[in-house]
Amino acid sequence: QHRCLCRRMKRIEAFTDGACKGNPGPGGWGAWLIAGEHQKELCGGELNTTNNRMELMGVIQALMAVTKKNIPITIYTDSQYIVNSVEKKWLDNWIKTNFKGGKKNKDLWLTYAELAKDFTIKFVWVKGHADNKYNNRCDELATAAADGNDLLEDDGYEG
């Protein structure tokens with residue numbers, strides 16, 4: 001169903017969130033994709049991770065779920081870490097300097113950067129735990145995933 005929807009759509013909106021029970025600790029991510037009248041929810045979690053990693057994983061998984069390339073995507077997140085890293089071009093500098101100075105989450109940022117090449121992405125910050133029903137639903141998905149019994153190992157986390 002989602003594959004067909006992406007082929008016909010000219011624009012996608014994605015809402016993403018991450019959660020962590022402790023930081024580090026068990027974590028989860030959630031994403032809600034909207035393309036026209038079609039919607040899709042995604043979530044997952046990891047055993048030992050951080051909140052920022054789960055915020056990033058929500059974005060990565062949302063992008064991985066989109067099958068049509070070169071489509072504009074607006075990603076709404078309550079993570080200023082993500083919005084500022086991309087919109088203020090911090091990530092570009094981190095990549096140029098090979099994450100000099102111990103910048104964290106290199107593995108996920110490089111995955112994001114590779115996926116982002118296929119899209120036109122705009123990030124928009126939304127206030128968390130407020131009146132945005134999509135962000136609130138992503139928070140529910142992420143929290144439920146973090147509480148789940150089927151958590152994966154976060155192989156990239158360097159605790």
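Author: Let's begin with a network: E41, R137 and E140 are linked by salt bridges. This is a predicted model, where local features need pLDDT of at least 70, side-chain atom pairs count only at pLDDT 80 or more, and totals for chains, interfaces and linings use all residues. Residues are numbered from 1 along each chain as its sequence is written, and side-chain values use heavy atoms, with hydrogens and water left out.

Reader: What makes R137 and E140 a salt bridge?
Author: Their closest N and O atoms are 3.0 Å apart. The rule asks for a side-chain nitrogen of Lys or Arg within 4 Å of a carboxyl oxygen of Asp or Glu, so the pair passes. Both residues sit in helix α6, three residues apart, about one turn of the helix. Helices here are DSSP runs (H or I, at least four residues), strands are runs of E (at least two), and numbering starts from the N terminus.

Reader: How many salt bridges does the search of the whole structure find?
Author: Seven. One of them joins R53 and D154 at 2.7 Å, N to O. That pair links distant parts of the chain: R53 is in helix α2 (residues 51-65) and D154 in the segment after α6, 101 residues apart. Both R53 and D154 are buried.

Reader: And how do you know that E87 and K122 belong on that list?
Author: Their closest N and O atoms are 3.8 Å apart, and the contact is a salt bridge. E87 lies in helix α3 and K122 in strand β5, so the pair ties together parts 35 residues apart in sequence. E87, at 33% relative accessibility, is partly exposed, and so is K122, at 44%.

Reader: What about D17: which side chain of opposite charge is nearest?
Author: K21, and it is 11 Å away. Lys and Arg count as positive, Asp and Glu as negative, while His and the chain ends are not counted. D17 lies in strand β1 and is buried, yet has no salt bridge. Contact means heavy atoms within 4.5 Å, and D17 touches residues including G28, W29, D78, N135 and D139, leaving out those up to four places away in sequence.

Reader: On to rings. Why is the W32 and Y134 pair called edge-to-face?
Author: The search finds eight aromatic pairs, and in this one the centres are 4.7 Å apart with 75° between the planes. Rings of Phe, Tyr and Trp (its six-membered ring) pair if their centres lie within 6.5 Å; planes under 30 degrees apart are stacked, over 60 edge-to-face, the rest tilted. W32 is in strand β2 (residues 25-35) and Y134 in helix α6 (residues 133-146), so parts 102 residues apart in sequence are tied together. W32 is buried at 12%, while Y134 is partly exposed at 21%.

Reader: What makes W109 and Y112 an edge-to-face pair?
Author: The values are 6.0 Å centre to centre and 90° between the planes.

How values were computed:
Buried means under 20% relative accessible area, exposed over 50%, partly exposed in between (1.4 Å probe, protein chains only).
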